[in-house]
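Student: Could you walk me through this one slowly? I would like to start with the overall picture and then look at one piece of it.

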Amino acid sequence: MLASRHVDQATQAPVTHFPADQCCLEIDQFSLAYAGKPALQRLTLQVPRHRVTAFIGPSGCGKSTFLRAINRLHDLNESVSHSGEISLEGHNIHAPEMNVTELRRRVGMVFQTPNPFPMSIYENVAFGLRLQKRLAKRQRDDIIEWALTSAALWDEVKDRLHRSAWQLSGGQQQRLVIARTLAVQPDVLLLDEPASALDPISTLKIEELIRNLKSQLTLVLVTHNMQQAARVSDYTAFLQQGELVEYGPTDHVFTNPRLQRTENYITGRMA
Ligand SMILES: Nc1ncnc2c1ncn2[C@@H]1O[C@H](COP(=O)(O)OP(=O)(O)OP(=O)(O)O)[C@@H](O)[C@H]1O
């Protein structure tokens, strides 16, 4: 992928530009505050399509706030104010004509703790589909098999689809949640520390899944785990106190960071 990297002379912010036809999300001077207290400050970056982009940074730097902004999860929080623009495939997500339900179908989100619904494995994956459109059972079954296969779970659950999702292990539950999100065919998958509650083997399965899914969609990953960011992401953005400090190809950011504070964070000299 052709990306150019430079530093904005006015703000000294890192700029990684992708050709327009490779750009999925475009964030332009986006700021967000909770009750007037800034959490994100003038973020400007592009997220490339069909790649994994990791967001790293110290606790409280705004990573989850940023992910939630992308599918407008802040809409119901009256204390939140924002300015600037986030565009998905060239469309401003805050434009009046943007359908928020459709935006959330196109931008799926997976959280830190697996949250399957209290229903069967099958019904979990069927849930979003039923909201979306009326399908014949055969079509629905096909999509459910496809989503569970894409989430690398089909072989483990195909003989017990109608058992409770809560009987699955934590790692299986997280892959089920990913399957539920994939079933409605999103363009983007936002992953907020998706493996932090899981054991090492389940974590490796999720990481393998993330790498495999990028042929289907664009992934944005928040992680505290530097090795994980290095293992799975193509691009890495380092945030500090709501600002974008460094952004570029993951191997550059990890092996040749532009700034000392990025290096300090990556090497564990800054919490
Ligand atoms: N709902 C909220 N109301 C008020 N302030 C909030 C809210 N959510 C987050 N914040 C504040 O916004 C800032 C950014 O928080 P955020 O959760 O986005 O950071 P983070 O980088 O994801 O942190 P962590 O790595 O610990 O999950 C913090 O100062 C936090 O206290």
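Student: How many helices and strands does the protein chain have?

Tutor: This is a predicted model, and in it the protein chain has ten helices and twelve strands. Its radius of gyration is 19 Å, close to the 18 Å that the globule rule gives for 271 residues, so the chain is as compact as a globular protein of that length.

Student: And what percentage of the residues count as buried?

Tutor: Of the 271 residues in the protein chain, 41% count as buried.

Student: Okay, switching to α4, which residues does it cover, and what distance does it reach?

Tutor: Helix α4 covers residues 137–150, which makes 14 residues, and from its first C-alpha to its last it reaches 20 Å, close to the 20 Å expected at 1.5 Å a residue.

Student: Which residues of α4 are buried?

Tutor: In α4, the buried residues are Ile 144, Ala 147, Leu 148 and Ser 150. Seen down the axis of α4, these buried residues fall within an arc of 160°, so they line one face of the helix.

Student: Why would residues three or four places apart point the same way?

Tutor: An α-helix has 3.6 residues a turn, so residues three or four places apart point the same way.

Student: What covers the buried residues of α4, then?

Tutor: The cover includes α3 (121–132), α5 (154–157), α6 (170–182) and α7 (200–213), while the face of α4 turned away from its buried side carries the exposed residues Arg 138, Gln 139 and Asp 142.

Student: Which residue takes a positive phi just after α4?

Tutor: That is Ala 152, with a phi of about 55°.

How values were computed:
Residues are numbered from 1 along each chain as its sequence is written. This is a predicted model: local features need pLDDT of at least 70, side-chain atom pairs count only at pLDDT 80 or more; totals for chains, interfaces and linings use all residues. Helices (H or I, at least four residues) and strands (E, at least two) are DSSP runs, numbered from the N terminus. The radius of gyration is taken over C-alpha atoms; the globule rule is 2.2 Å times the number of residues to the power 0.38. A residue is buried if 20 or more other C-beta atoms lie within 10 Å of its own, exposed if 12 or fewer, and partly exposed in between; C-beta atoms are placed from the backbone. The expected span of a helix is 1.5 Å times one less than its number of residues. The arc is that of the directions from the helix axis to the C-beta atoms. Two residues are in contact if their C-beta atoms, placed from the backbone, lie within 7 Å.
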